[in-house]
Amino acid sequence: AAVRDALLAGDVLETPMASASIAQVHKVGGAAVKLQKDGVRHAFWVDMLCLKFIARVVMALESAAPDMSEIVDNQYQHFVKEMDFASEARALDHARAVLRAHKHEAVVPEPLHRDDAASVEAGVLCMTWCAGEKVKTALPKLLEAPAALQDCARTLVDAHACLLFHGGIVNMDPHPGNILVDIETDAARRVVRATPVLLDWGMHQTLSKAERLGVARVVDAAARGQADELLAAYRALGVQLADDFPAQIILDFWQFQLRASSKDSKRDMGDVEAFLEKHMGNVQSLKDQLEEKGGGDGPIASGLAPLLGAVRALDLLHNFVLDLPVEVSFLDIYARRAREAVAAAKGQ
């Protein structure tokens, strides 16, 4: 409360420790104080209107397109949520509880206030200050301890899988600026452990039990290469697909999303290029099929909301991990956590 009162009184703060599109973070004692910038809500609303117009144009021109307006609306809802600091505080508590219940090493800051209406209305969120360095700063030290770096990357990916399948919560913005690495050294200053710290839970998605288990079944089917089961899992989640939608397209997509990262950047780029080439061929086949039937009656897919957070997070996690000299099997990690969640639900 004292920190909030000082801030709201207009006391001059030092240069922020971090700054992004909607907020900046200051260190005040042992607290991280997140301050929302003025005018961001209006800016995001204007962006949403522009994107919805573009989405309608794309759907009018492209027959093999999903419901783009639905995707824009879903993303806008999460952008708005990012400006709701009370929601972020609840997400922090939720994520911490899930990780604690599964004895996970990953760290999430603790909110220091949750229902302080005055702070939330003023765009202020106070959290514990977490030790750690940006990955770019920490990397030279971590390169001298490849085992610690490898474990840190796997712990990061596993934390997101654990939170998704066991807690039904997705941090939708895991880019390098929102991840710290807390390095532990021995007496000789050699790195012995590196722990990921997951920051910025403003943009998050929460899933119901049925939704998180539905996504778990999607990942399990993809891991086993079962296209028909994957299609059934989509429909069980409420996803509406065009008649005769090729299940193989969905399987290829998820196996690409869950592809392994490696220390060989050329191989990683080859995987991306091979997927894009195959995907474009699949899309063209679908377009030809739709044209033969005289066109579709609407978008080829709708009701994708339960899957969008996981897909966005996987994209960003892949980009993050691919920049590191590590090998991480996303498929193995996500499939293991998915099967754990399904098994746990059956045992209840």
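Met17 lies in the loop that links α1 (2–8) to β1 (18–19), where helices (H or I, at least four residues) and strands (E, at least two) are DSSP runs numbered from the N terminus. The model is a predicted one, in which local features need pLDDT of at least 70 and side-chain atom pairs count only at pLDDT 80 or more, while totals for chains, interfaces and linings use all residues. Residues are numbered from 1 along each chain as its sequence is written, and side-chain values use heavy atoms, with hydrogens and water left out.

Met17 is exposed, at a relative accessible area of 52% (exposed is over 50%, buried under 20%, partly exposed in between; 1.4 Å probe, protein chains only). Leaving aside residues up to four places away in sequence, Met17 touches Val25, His26, Lys27 and Trp129 (contact: heavy atoms within 4.5 Å).

Next comes the sheet. An open sheet is formed by 4 strands in the order β1-β2-β3-β4, with antiparallel pairing (strands pair if DSSP finds at least two bridges between them). Its edge strands, β1 and β4 (124–128), each pair on one side only. Between β3 (residues 31–36) and β4 there are 5 bridges, and Lys34 stands opposite Leu125 in β4. Helix α4 (residues 85–101) packs on this sheet, touching β2 (23–28), β3 and β4, and its direction makes about 20° with that of β4 (axes are lines fitted to C-alpha atoms, for helices over the stretch in contact; angles run from 0 to 180 degrees between N-to-C directions).

Further along, β7 (residues 179–185) and β8 run antiparallel, joined by 7 bridges, with Val181 partnered by Pro196 in β8. The two strands β7 and β8 form a hairpin with 5 residues between them, and Arg189 in the turn has a positive phi of about 65°. Strand β8 (residues 191–198) is largely enclosed by the rest of the structure, because 6 of its 8 residues are buried.
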